[in-house]
Amino acid sequence: MTEEGTATEENPVLYVVRPMATAAKQFAKSLVRPSTVIYPFERLEDPAFREEVAVASGKPIGVGAIWDNYRGVHALNIATCISCNLCAFSCPDLCIEMVTVPGGDPKHPKKCPEIDYGKCSYCGFCSDACPEGCLTMTTRYELATAKRSEMVYSPEKLYEVFRTKLPMNPIRLERPENEDQILLDPPLCIGCNACARDCPTACITMLDVAKPEAKAGEKLPKRIWKEPVVNDSDCVRCGTCISVCPKECLFWGKRP
Amino acid sequence: MWINMGPQHPMTHGLWNLRVRIDGELILDVDPEMGYLHRGIEKISEDRHYNEVITLMDRCCYVAGMAWEHLYILGAEQALAIRPPERAEYLRVLCDEFQRLGSHLMWYAAFVQDLGLMSPFLYGMRDRDLVLDLFQSYTGARMTYEYMRVGGVRNDLPPGFTERARKVLDWLVDRFREYDALCLGSTIFRKRCDDLGVLRANEAVALGVTGPMLRAAGMKRDLRKDRPYAAYDRLEFDVAVADAADVTARYLVRMEEMRQSVRILHQVLDWLDRNPGPVLADRLPRWLGAPYAPVGDEGYLLKRHYPKGLGFSSVEEPHGEAQAYVVNEGGQHPYRVKFRSPVFANISAAKSYLIGYRVADIPPIMGSVDVCVGEVDR
């Protein structure tokens, strides 16, 4: 199907020599400034290597300080985790399980995320959702193991990653000002204290409400005359109160 | 005689099978078979929160993840009646055009390797790495970005990004000249590719072929111009067109598209420097998913009225025109998501541009189609 004549007729030697001249130029350049990283010996997350790269400016390689926000293995600061469950809720792959760690009281066990890296897709939704900034992603990316069970990182193992002080993702998402809030449907509330008991940040307080006078022939509902009040600035919007409410009187919404 | 080229064949660039009926070296009939990479992405989407579908979109097309994210996001925003801020629109164009550069460089590397040239392959991969590094600097990943959100994008650009991006663009423009010297300057390349795999415009339109293949046939069709989305109506660029409708023409169109991408990117970077602002819309419902955690159905199903709506979006993806249809029947998950893959149509038209050529012509012709099987099978 190829036709003669579409390409200009030239000395056949030029067919080969001209492209080869371009290639030779590239080859000479690559001897001075190679584009490759000799991986086990040079590491992009290594600060010393990064400085070297930055010094060799003009090197056609995009690494440098930018490596910090890489989404790799998570780091968990167990001390600041408030067991709010938001990371597990936001995980699209359902690879986060909340497991009990020592440190809580027997009534309210402290639960921290355990991540199964066999399922994790490194989307970063969990660290975006974390209200306390205790679950972040680091630049660590080497996960090869001999056993499948070792792919599951317990909270203690994630804490070990945190303690290595790897560079962490510097991009922090700001919490929007007009986020949905926890609202109460007062006639449904029975004042049972379940929401205030289970709130991880203890931002719900039960306040007394006035007991109304019973009208003639009417019975007052049988309840405790208290109502939850949510402190919005402390609330992390984890929804625990909504899920534990026995009467479904709490809901998401905007305060008028 | 029927022979199978694929599913494991250097020509296929992914898992698909091209059955070819040959008489000696002559191709009498072809029969493309797809479906080896089917993952049920459309079905999985029905069970996910709106923002969680984005993680699937990156896996949909592994060389043009951003374009597919943009496609889905446009559809979802229309279905949910959410408008992104203007800066987010420009950031999306930035993503799209860098992705076009990355995808076309990947195509260049694969295409010249099909022709048996190893050095240009390495050049293409090396230069694509710069684009991936730029992506990594603001999204956090090299290929699976998860950057766009319904109502905007995840985060703003880090400081110093625009200067770095301009440096990369200048570097790339120099490289395009080198590519042309290596390919168009080589008579061997021209003799191999001229008048090969001809697909004329009328036939291409009839078969639903889109993208660079259609523009290489002289048809000036580009959704960025014809049906502008995001910020494309505010940007200046030309549509790359060639007339020969053969493999060389497709090469020329893609090279010109990369130059136009660089032109668009310079305008976008200038705009982003001048106009700071929010990147995520206000008053997003919580149940969309990230960056919020979608918490339980309880609080919403009882008290909340969900909006309903339909969303249709079409995006000029690096491979062609991709379309998405998002049905929102009320609720936290899309009721149905349907995608239209441009490469599926482009491969399916194989009969009209392969028959009559020789077996040895199949790699260059199919290489010029730019196959990405991830989006074909979804």
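The model is predicted. In chain A, the interest lies in domain 1 (74-163) and domain 2 (181-209 + 224-253), which bury about 500 Å² between them. For chain B, we turn to the fold as a whole, with 16 helices and eight strands.

**Layout of the chain A domains**
- Domain 1 of chain A covers 74-163, while domain 2 of chain A is made of two segments, 181-209 and 224-253.
- Taken over C-alpha atoms, the centres of these two domains lie 27 Å apart.
- Each domain brings eight residues to the contact.

**What the domain contact is made of**
- Carbon and sulfur atoms account for 65% of the roughly 500 Å² buried between domain 1 and domain 2 of chain A.
- On the domain 1 side, I82(A), L86(A) and H108(A) stand out: together they supply 62% of the area that this domain buries against domain 2, more than any other three residues.
- The residues of domain 1 that touch domain 2 comprise five nonpolar, two polar and one charged.

**Chain B as a whole**
- The C-alpha trace of chain B spans about 70 × 45 × 35 Å along its principal axes.
- Chain B has a radius of gyration of 21 Å, which agrees with the value near 21 Å for a compact globule, because that is what 378 residues would give.

Definitions and conventions
Residues numbered from 1 in each chain as written. Chains lettered and ligands numbered in written order. Predicted model: local features only at pLDDT ≥ 70, side-chain atom pairs only at ≥ 80, totals over all residues. Heavy atoms only, no water. Domains from an automatic or database assignment. Contact = heavy atoms within 4.5 Å. Buried area = accessible area lost by both parts, 1.4 Å probe. Nonpolar A, V, L, I, M, F, W, Y, C, P; charged D, E, K, R; others polar. Helix = DSSP H or I, 4+ residues; strand = E, 2+ residues; numbered from the N terminus. Rg over C-alpha atoms; globule rule 2.2 N^0.38 Å.
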